[in-house]
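Biologist: Please take a close look at the nonpolar core of this model and at what surrounds the ligand. I would like one connected account, with the cut-offs stated.

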Amino acid sequence: MAKVAFLGLGVMGYPMAGHIAAKGHDVTVYNRTTAKAEAWATQHGGAHAATPAAAAAGADIVLSCVGDDPDVLEVALGADGAIPAMRDGAVYIDNSTVSADVARRLAAAGAERGVGVLDAPVSGGQAGAENGKLTVMVGGSEEAFATGLPIMECYGARVVRMGDAGKGQQAKMANQICIAGLVQGLSEALNFAQQADLDTDALLEAISGGAAQSWQMVNRGHTMVKDEFDFGFAVDWMRKDLRICLEEAKSNGAPLPITEIVAGYYGELSEMGFGRNDTSSLIRRLRKG
Ligand code: NAP
């Protein structure tokens, strides 16, 4: 059993850390808002620490699942950051969705300290984190991947090494590019169906078995029809993810015309006050009146 530290107990991190503890690993958690760390330690019987450095000292594996680029840099390399406090040969795994640049900066800082670093963003949402069935896309060395794999398998149903540092984040970008266009298409289809007075239950039953089928259709179709968005993957997180995709595309030259339009639509939703709504709320923009 490994000595593990987990930094960031949000919607994703809290259950992910719980799955690691449930497999019998010795887990110490850190959360910026201490009350959440205390609640986690009480629920799962682990320890909690006051800083990322204190949680990481002596750990074999340190994981983080926080927010955007500056947040990862703060918990990993800031004043009380984890990486400088880690022991030689330990592995740092970042599960946040951030830029490939940050992934490469962490890998370089880890290499100086003798710490392996993996960028390991996840897909599967809150439900996937709670069920321990996430998809994990990983960048980093084969050695660090082999060390980190048993821990990532505690919360991941599919854990795939994509290549060296930054490749996990680039894979997650491709995932988000797919989702952006897809949710807009699904929104247009469902809004069209309602305007045409189609029975949407019958429609979803029919087309979710055919070529138009998608995870979004199966898991979000019925709630989109009912205008229910108070759950899931927040619009503001998606705006961050699409910003990262568009920045990366500037450097690799890939055109992202639909992604750019949909990123603008998510910006409108945020301005309308729906930034914490699920990403399937794109359909709101199409409603009449
Ligand atoms: P969340 O519920 O908002 O939680 C964010 C966590 O990060 C909280 O524990 C927060 O601490 C901590 N944090 C943020 N900034 C910090 C900083 N500067 N220093 C220290 N701690 C900081 O977010 P989430 O939904 O779990 O998402 C976390 C990451 O996973 C994001 O990168 C997101 O894009 C990605 N992701 C999310 C989903 C999803 O469905 N939610 C799916 C796939 C990937 P406090 O408690 O103190 O605020």
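Modeller: A nonpolar core here is a set of buried Ala, Val, Leu, Ile, Met, Phe, Trp, Tyr and Cys residues joined through side-chain atoms within 4.5 Å. Buried means under 20% relative accessible area, exposed over 50%, and partly exposed in between, with a 1.4 Å probe and protein chains only. The model is predicted, and local features need pLDDT of at least 70, side-chain atom pairs count only at pLDDT 80 or more, while totals for chains, interfaces and linings use all residues. Residues are numbered from 1 along each chain as its sequence is written, and side-chain values use heavy atoms, with hydrogens and water left out.

The largest nonpolar core has 33 residues. Those with the most contacts inside this core are Phe6, Met16, Ile20, Leu63, Ile93, Met152 and Tyr155. Two or more residues each come from β1 (3-7), α1 (13-22), β2 (26-30), α2 (34-44), β4 (61-64), β5 (91-94), β8 (134-139) and α7 (142-152). These elements are DSSP runs numbered from the N terminus: helices are H or I of at least four residues, strands are E of at least two. Another core, of 22 residues, lies apart from the largest one and includes Ala5, Ala55, Val62 and Ala90.

Met16 belongs to helix α1 and is buried, at a relative accessible area of 0%. Not counting residues up to four places away in sequence, Met16 touches Phe6, Cys65, Asn95, Val122, Ala129, Leu134 and Tyr155, where contact means heavy atoms within 4.5 Å. Between Met16 and Asp94 there are 12 Å from C-alpha to C-alpha, and the two are 78 residues apart in sequence. With neighbours within four places in sequence left aside, Met152 has contacts to Ile93, Leu118, Ala120, Val136, Val138, Phe145 and Val159.

Now the ligand. Around the ligand are 24 residues, of which Asn31, Thr33, Lys36, Val66 and Gly67 come nearest; a residue counts as near if one of its heavy atoms lies within 4 Å. By class, this shell has 9 nonpolar, 9 polar and 6 charged residues. Ala, Val, Leu, Ile, Met, Phe, Trp, Tyr, Cys and Pro count as nonpolar, Asp, Glu, Lys and Arg as charged, and the others, Gly among them, as polar.

A polar contact is a pair of N or O atoms within 3.5 Å; within protein, one must be able to donate a hydrogen and the other to accept it, and residues adjacent in sequence count only if both atoms are side-chain atoms. Lys36 places a polar side-chain atom 2.7 Å from an oxygen atom of the ligand. In the side chain of Asp71, an N or O atom is 2.9 Å from a ligand nitrogen atom. Thr97 uses a backbone N or O atom, 3.0 Å from an oxygen atom of the ligand. On its own the ligand has 910 Å² of accessible area, and the protein covers 90% of that, by the Shrake-Rupley method with a 1.4 Å probe, where for residues only the protein chains shown count as cover. Elements giving two or more residues to the shell are α4 (69-77), α6 (125-131) and α11 (235-252), and the largest share, 3 residues, comes from α4.
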